[in-house]
Amino acid sequence: MSFKIDRGLFKYDFIDHHAVLCVPVDADVKEIRKRYLQIARRLHPDSSFTESAAQKHLGNELLAKLVNPAYEKLAGDRTRTEYILILSQIGKRLVQESTSVTLNTDLAKQLVEAANVDHFYKSAIAKLAQTQYDSLEQVLQVIAQVSELNLVYLMRSAGKSSAASSPPAQPKVQSSPPQANTPIAPAPASAKEGLIVEQYVRRAQSLIDKNQFAQAKVELQEALKLEPKNSRCHSLIAMVYLKQNQLKMAKIHFDNALKLDPNDETALQWKPKIDRALGQQTSDQKVTSSPNNGDKQPDKSGSGGLFGGLFGGKKK
């Protein structure tokens, strides 16, 4: 059995684990665990609330495919931190594309206009949590409603942090909720692509940390196909080329990174070193081709040559 939700953050090819558990996006581990245990007791096949075999099966499916994965993602420090970072990026992107965001629920529309955003948002989440899993057949609709609240909250939070003097972003609202068979407009391509790029970058960074540079390069090349002007991607792939001793390619991508972001710290640190190394390489090649140098060859060793020198190898 598959559970498809196409509203709120789910519209952007993103699994809203906070909505599944019905906790605020800034909930701490203690709050997340408490809520998870409440839901798990409700959905367990031995629960007295489930009367029929069909409901027991549905409850077990919800627990296994939605609730448990949500808890696993949000309970771990590393996975939660990574997940919150992605949420923040989504909020920033949606602020830029606020006119393309469509809301379907009254609570989400009210949150757009609410003066006290935090109070309204957390009160609404707490109220929905009280009955979220009472009717198992309605659970997906409630999750979608919570996810719309999360979407608006992220947009308004991102809007405040990026431009305190500007009014908060105003997503479009529908005058009436759509019927069950009404198709929902697809998510903006750029928002979807941005999320995909973030996933490529995270995988690439993990592969770089494991010294798996060939695989990391593939991930970053795919990311650059979607966002060719992403300075971070250029800077990371430049480091991959540098680790592979492909200095000219590293220079090209560090140059691109600095054109897009003159303050890119990695590019600022490594580009001058690569420029010097390439200059030395050219000088060595000239010396090698000279008729008076005998059999002298440029040093290409990984530990003492150009590449080794860049990464702290033996200085000559």
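## The start of helix H10

At the start of H10, a side-chain oxygen of asparagine 230 comes to within 3.0 Å of the backbone nitrogen of arginine 232, a polar contact in the sense of N or O atoms within 3.5 Å, where within protein one atom must be able to donate a hydrogen and the other to accept it, and where residues adjacent in sequence count only if both atoms are side-chain atoms. The model is predicted, local features need pLDDT of at least 70 and side-chain atom pairs count only at pLDDT 80 or more, whereas totals for chains, interfaces and linings use all residues. Residues are numbered from 1 along each chain as its sequence is written, and side-chain values use heavy atoms, with hydrogens and water left out.

Helix H10 (residues 231-243) spans 18 Å from its first C-alpha to its last, close to the 18 Å expected for its 13 residues at 1.5 Å a residue, the expected span being 1.5 Å times one less than the number of residues. Helices (H or I, at least four residues) and strands (E, at least two) are DSSP runs, numbered from the N terminus. Because eleven of the 13 residues of H10 are buried, the helix is largely enclosed by the rest of the structure; buried means under 20% relative accessible area with a 1.4 Å probe, protein chains only. Among the buried residues are Cys233, His234, Met239 and Tyr241. After H10 comes asparagine 245, with a positive phi near 65 degrees.

## Aromatic pairs

The whole structure holds three aromatic pairs, counted where ring centres of Phe, Tyr or Trp (its six-membered ring) lie within 6.5 Å, with planes under 30 degrees apart taken as stacked, over 60 as edge-to-face and the rest as tilted. One of them, stacked, joins tyrosine 36 and tyrosine 71, at 4.2 Å centre to centre and 10 degrees between the planes. This pair links helix H2 to helix H3, across 35 residues, and both tyrosine 36 and tyrosine 71 are buried.

## Around valine 152

Valine 152, in helix H7 (residues 139-162), is buried, with a relative accessible area of 1%. Beyond its neighbours within four places in sequence, valine 152 is in contact (heavy atoms within 4.5 Å) with Leu103, Ala108, Leu111 and Val112.

## The chain as a whole

The protein chain has 13 helices and two strands, and 44% of its 316 residues count as buried.

Conventions
Buried < 20%, exposed > 50% of the residue type's maximum accessible area, 1.4 Å probe, protein only.
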